[in-house]
Number of protein chains: 2
Amino acid sequence: MKLTILFGGASFEHEISIVSAITLKDKLSKFDLSFIFCDGDHLFYNIDSSKMKATTFSSGEHKKMPQLTLTNGAFVQKNMFSTIELRNVVLNLIHGADGEDGTISSLLDFHAIKYVGPRTNASVFSFDKRYTKYLCKARNVQSVQYEALSKNEHQNISMPYPIIVKPASLGSSIGVSVVKEENDLDYALDSAFEYDANIIVEPFLEGVKEYNLAGYMANDKMRFSIVEEPQKDEFLDFEKKYMDFSRSEQVLKADISEELVLKLQSTFEKIYRGMFEGALIRCDFFVLNNAIYLNEINPIPGSMANYLFKDFATSIEELASSLPVSKKIKISYDYIHSISSAKGK
Amino acid sequence: MKLTILFGGASFEHEISIVSAITLKDKLSKFDLSFIFCDGDHLFYNIDSSKMKATTFSSGEHKKMPQLTLTNGAFVQKNMFSTIELRNVVLNLIHGADGEDGTISSLLDFHAIKYVGPRTNASVFSFDKRYTKYLCKARNVQSVQYEALSKNEHQNISMPYPIIVKPASLGSSIGVSVVKEENDLDYALDSAFEYDANIIVEPFLEGVKEYNLAGYMANDKMRFSIVEEPQKDEFLDFEKKYMDFSRSEQVLKADISEELVLKLQSTFEKIYRGMFEGALIRCDFFVLNNAIYLNEINPIPGSMANYLFKDFATSIEELASSLPVSKKIKISYDYIHSISSAKGK
């Protein structure tokens, strides 16, 4: 099966997208893969598989490679005397802005290019943590209580310390701080506002268990990965997460009851159905006093959470063969015709 | 001031977008206008101002006009020996799908083209009426109670008749029915599901007053139109609304107290701020027993609700000069450099 991996993007997570793409080159070696790099200026490059290493991009060498433009149904490479069209299903692997905020999905939808990844609605509800809270509320999924703050508006925080301060719309722990006392608050707010004009504040929960679960829908059935209990530092900083994006060894199942696994799966499905079709997502949950809280939705998880699946390549193949189809709207000019003919009389 | 009006789109409201654009050609005659038509296949055409009449499009004559493609900062027309770039601010006048669902906003943002219209988040929250309800709840704005139904899932309706049945994501009354008794329900559901896989059902409120208010933000201050009490048929059907999109005469102010006007404005601002910046929107309200309910957000109202503004052209000029600026993300390769050099040792 042919598959195009689209990576890069004008995002704070640009580098980890490169790492993800390099990791997937190995994990998806049974596919006939091509690679499209989106640079920080939104130019697309066709990257030869042999050049898929980090220094190709950090050195700027990618700029010597053929550029691509978008047309109906394809990425196109125009050569002197010929045109090459890449008509494959695209795997959207652009983490953060562009890839996860609805921009790339809209671009691909507009050009009628099939892709694995969140559609635009799903992107908006997962990219901004405030909107994820709205979704949880509407779907009766518990999430941690929060307060939202905006840059340039003085607002007080009413919850007790310790708290966790996060930019509303970034993943990979960028700009995130745990604040233990009021003295440290200003610095944490400044760090978070560096990255986003909106931030959220949540209580830092002691004694919480964390579980990650990935999944996707194929042929109208949910398929789930194993549940992982992630390495529990206070939280992963960017450098650790960065290394995390190159993970490729399957991890061990969390040692939890079958009952809890089923509960996590049914909570996942409540969030997924009618929203994330076409995407393989990872949901990060908290469990505290037997209650499940959705912490975060990763609609394009690092290296696609390949390490949680028994047979990752087959999962991607199944998902890529079961993508949502949007009905084409037929344009008619009935009203204009009827009004023109009425006027003509 | 130069301004490009973008209209058409692959949408059930394709025709009314054409009518809107023709209406604005007159209303914005003090601008140096250009016109870009997006056809049902997502091709862009540069339409000469003299050809801005409905039959240009219904007859297919537009296909003889120059095609445009998107590049960083501009729509581009490639001629045999030259290239013309349209670098103006764009007024997004594509009603319904494409224009109001986040597709066009993403496309313009990706290409760094400035535009008047809702950004992608704002589009998602206003295009689907279910998500508008989520937004209302989060911002403490009252909206009418509702039930959501999905195609292919049997669900009962628990509210008493009469009810109003609407596709979740269409404007202009397309697919909308008032249902007075259970016998008529199936037909109404079928009509609505013709247009959308999701529909909402609301009680049909007797004795409700309807008020429309348009507005936008410029230089961090809200600017409001007059409040209109729209013509009150049971509801406007598509053909009546279609004619409505060509309205250009300023309407009369609703005969309501200054107090109610201020309440409508403050409700409008609660919805607008932090979401609709860059757009001129129209909010349609219900008032019942002194309570205000948000009925619908039109993020690209028909003919931009020009008939509600005293000096519409100046309003558009003010808005176009005060558009949100997105911070460009600088790409660095710090992590790749540090890892490569560590490996090199």
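I began with strand 9 of chain A, which pairs with strand 12 (residues 198-203) of chain A in the antiparallel sense over four bridges. Two strands count as paired if DSSP finds at least two bridges between them. Helices (H or I, at least four residues) and strands (E, at least two) are DSSP runs, numbered from the N terminus. I looked up one bridge: A:Glu147 has A:Val201 in strand 12 of chain A as its partner.

Before going on I noted the conventions. This is a predicted model, in which local features need pLDDT of at least 70, side-chain atom pairs count only at pLDDT 80 or more, and totals for chains, interfaces and linings use all residues. Residues are numbered from 1 along each chain as its sequence is written, and chains are lettered from A and ligands numbered from 1 in the order in which they are written.

Next, the whole sheet. It is open, with four strands of chain A in the order 9-12-10-11 and antiparallel pairing. Strand 9 (147-150) and strand 11 (177-179) of chain A are at the edges with a single partner strand each, so each has one side without a neighbour in the sheet. From one strand to the next, the twist averages 25 degrees. Helix 6 (residues 185-193) of chain A packs on this sheet and touches strand 10 (163-167), strand 11 and strand 12 of chain A. Contact requires C-beta atoms, placed from the backbone, within 7 Å. The direction of helix 6 makes about 25 degrees with that of strand 10 of chain A. Axes are lines fitted to C-alpha atoms, for helices over the stretch in contact, and angles run from 0 to 180 degrees between N-to-C directions.

I then checked another open sheet in chain A. Its four strands follow the order 14-13-15-16, with antiparallel pairing. Strand 14 (221-228) and strand 16 (291-298) of chain A stand at the edges, each with a single partner strand, so one side of each lacks a neighbour in the sheet. Here the twist averages 30 degrees from one strand to the next. Six bridges join strand 13 (residues 209-218) to strand 14 of chain A. Among the residue pairs, A:Asn212 bridges to A:Glu228 in strand 14 of chain A.

Last, I compared the chains.

How values were computed:
Contact = placed C-beta atoms within 7 Å.
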